[in-house]
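Thanks for making the time this morning. I would like to take you through one contact between two chains, and then stop at a single residue.

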Number of protein chains: 2
Amino acid sequence: MQSQWFPVPGVRLAAVEAGIKKANRRDLVVLALSEGSRTAGVFTLNRFCAAPVQVAKEHLATRAPRYLLINTGYANAGTGEEGMRRCLATCALLAEQAGCAPEEVLPYSTGVIGELFSLPPFERGLPLALDALDEHGWGRAAEGIMTTDTRPKLTSRRVRLGEHEITVTGMAKGAGMIKPNMATMLGFIATDANIAQPLLERWTRELADRSFNRITIDGDTSTNDACMLIATGQTGPEISDEHDADARMLFQTLEQVFVELAQGIVRDGEGATKFVAVDVAGAVSNEDARIVAETVAHSPLVKTALFASDPNWGRILAAVGRAPIAALDVGQVNIWLDAVQIVANGGVAPDYTEARGAAVMAQADINIRIDLGAGAGTCCVWTCDFSYDYVKINAEYRT
Amino acid sequence: MQSQWFPVPGVRLAAVEAGIKKANRRDLVVLALSEGSRTAGVFTLNRFCAAPVQVAKEHLATRAPRYLLINTGYANAGTGEEGMRRCLATCALLAEQAGCAPEEVLPYSTGVIGELFSLPPFERGLPLALDALDEHGWGRAAEGIMTTDTRPKLTSRRVRLGEHEITVTGMAKGAGMIKPNMATMLGFIATDANIAQPLLERWTRELADRSFNRITIDGDTSTNDACMLIATGQTGPEISDEHDADARMLFQTLEQVFVELAQGIVRDGEGATKFVAVDVAGAVSNEDARIVAETVAHSPLVKTALFASDPNWGRILAAVGRAPIAALDVGQVNIWLDAVQIVANGGVAPDYTEARGAAVMAQADINIRIDLGAGAGTCCVWTCDFSYDYVKINAEYRT
């Protein structure tokens, strides 16, 4: 993660201690977007999606957003009609104080599922947040959206498009219940580029597919996932043709920020001690490759072996063998740990030794490369190991 | 698990210390079946199925088995042609010493995947085993097939059919890499009843579906799963019509043994401190119910909450919401922990209190009942919690 970040013209942020669940913690974050900003987003496909996810989707379809309101402590999922009512009340509170329409506010919540937050902390915190809005507020905001995260995920890139220097800055949170399906827990990426709304929406889906949709910590898709891309349009001419050279440059820059944030979530995964890329090639389709990669990435036995730095490659093989794809010729399967081939044509590789496997497994970053030898389909998924601390963090989450 | 067990006329067993992987451990088990015995089996659907699974299936299709040969220490999976050659050599060794055809021997292996066992321990151990065969050998055999199991799984039932008393005795092993697909790690159930071969095969599939196919510890389907039902035919007339009253009685008795062994595996799951039934009703189909039940049963967040005795029911709700079924009306979902309703119509139940949820979660046996309110489909899956010890056992498995 880059430690340096740059403000994005047109985006002001604040994070304040509102006492939503615990005292002495910045738990209320507000982003204010300049007039003319465009926003696109992707949201969780979990059917029990949270009230704020439902409201944010509806508001986004109605008006161009001017404010994003994020609380930690409570997810406001599984809270029924009362949860929906309170979510709308927070939007109305902010709208009233900021002088905009409630539909111009997008709400986001993260924390415990099924418990209701109370409104007074919002009543107290929102005026403080509006007072504190600042283009340099990214650092505090990235901390303010954390829950079990051990560190903020915040990164920036700059790219020159013709005579204009464009900034892309993003933050994300998430450390558990991470197996995004269309988006991750929370990701907010902003640029001052002037991106046409249809392109912004297409890019947001495509960028999420190349980043947040490729990570998994525990296979548990959250009820609150949301990933937003904001283009304030403060700098440069409108970009609407994705094939344009400047558009391609900008897309690459955005992709770097999305991927760095997504990988940052895995590196800060609950209890994670290793960062693991599961890279599948030679599948009949990209979808088959994804299924095999996710089966390996979710296997508790593979993940505990990674934690132990144990080259127990039989567990990788067993996970490949149980992946629910239509056909698999095990005699064509080859597997590598980084450059060390462990499986050749479905059996142990002739020159494999335990010492060579153990050397790779001892690394903090490990690449598991699997070739199914059946086609041109590929997919890479990023994950982490499964440690005592994962159990500890999740067993003690609410205490 | 019943502590008392009865021998099965026609089945003799032995377990000896062959030194297959470690010294001073009964690691070689032989079952000898009387002439005229019939055997049926179901095997893993993992594509990387072990050499012994392939050989057992082939031998079973060729001849009526006379011997079952089980080794622990090595799974003999992912071992290629040499693994197959050594598996066949063990069958030939036993056949030569016992005076039968190699095709009358069914081999089973369990242990580390991908490493080859050597043959001398079999050469040393098999004569000892043949010498020790005894109808009262079930206790030692049930211990002999254990790997990370902390206790043997062995149970018996007797049922009177007309003038005959029929015995059903079975043993199973398995504590990790348990998410059977057609069968569990290893299960051997024998009866002296005289069951016609077609009925025996149909019953074996049906009984596995009602027992071993309903359990999951970590979602990792093994390469070596096998579940065998043996009918020695020593007692009573042939049973070939499943609608006959005696046949129904016998089937129920068999089902009790299968279910008790399957649940015994979960109760002895790696690191397990809780036994959990996930009971889904009201699904559009039994298949949908199974998918929802397995999604909840595999969720690391649900399992760690169970370990912590934390009624964090939002995690159950989130798992239901991400289950990959075609449609789900969240407003129709009701969830109970034993008799305590936690979710009513998709939101927290009106009379739910944390204290009532916590009281259930503190129990050693917990029933999670989920009604989707959409149809008549049902499925019950048995699982356990996810503890520090699961990680410890699997991180240190090979050391």
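This is a predicted model: local features need pLDDT of at least 70, side-chain atom pairs count only at pLDDT 80 or more; totals for chains, interfaces and linings use all residues.

What the rule does find across the interface of chain A and chain B is 10 residue pairs in polar contact, with both residues of each pair at pLDDT 80 or more.

On the side of chain A that touches chain B, at least two residues each are supplied by helix H8 (300-307), helix H9 (313-322), strand E14 (347-348) and helix H11 (388-395) of chain A. Of these, H9(A) gives the largest share, which is 8 residues. If we sort that side of chain A by residue class, we get 28 nonpolar, 15 polar and 10 charged residues.

As for extent, the contact draws on 53 residues from chain A and 53 residues from chain B. The size of an interface is often given as the accessible area lost when the parts come together. For chain A and chain B the buried area is about 4500 Å², and carbon and sulfur atoms give 59% of that.

Is B:Thr39 buried or exposed? B:Thr39 counts as buried, because its relative accessibility is 3%, and the cut-off for buried is under 20%. Leaving aside residues up to four places away in sequence, B:Thr39 touches B:Leu33, B:Leu60, B:Pro65, B:Leu106, B:Gln197, B:Leu200, B:Met228, B:Leu229 and B:Ile230.

Methods
Residues are numbered from 1 along each chain as its sequence is written. Chains are lettered from A and ligands numbered from 1 in the order in which they are written. Side-chain values use heavy atoms; hydrogens and water are left out. Contact means heavy atoms within 4.5 Å. Buried area is the accessible area (1.4 Å probe) that two parts lose on being put together, summed over both. A polar contact is a pair of N or O atoms within 3.5 Å; within protein, one must be able to donate a hydrogen and the other to accept it, and residues adjacent in sequence count only if both atoms are side-chain atoms. Helices (H or I, at least four residues) and strands (E, at least two) are DSSP runs, numbered from the N terminus. Ala, Val, Leu, Ile, Met, Phe, Trp, Tyr, Cys and Pro count as nonpolar, Asp, Glu, Lys and Arg as charged, and the others, Gly among them, as polar. Buried means under 20% relative accessible area, exposed over 50%, partly exposed in between (1.4 Å probe, protein chains only).
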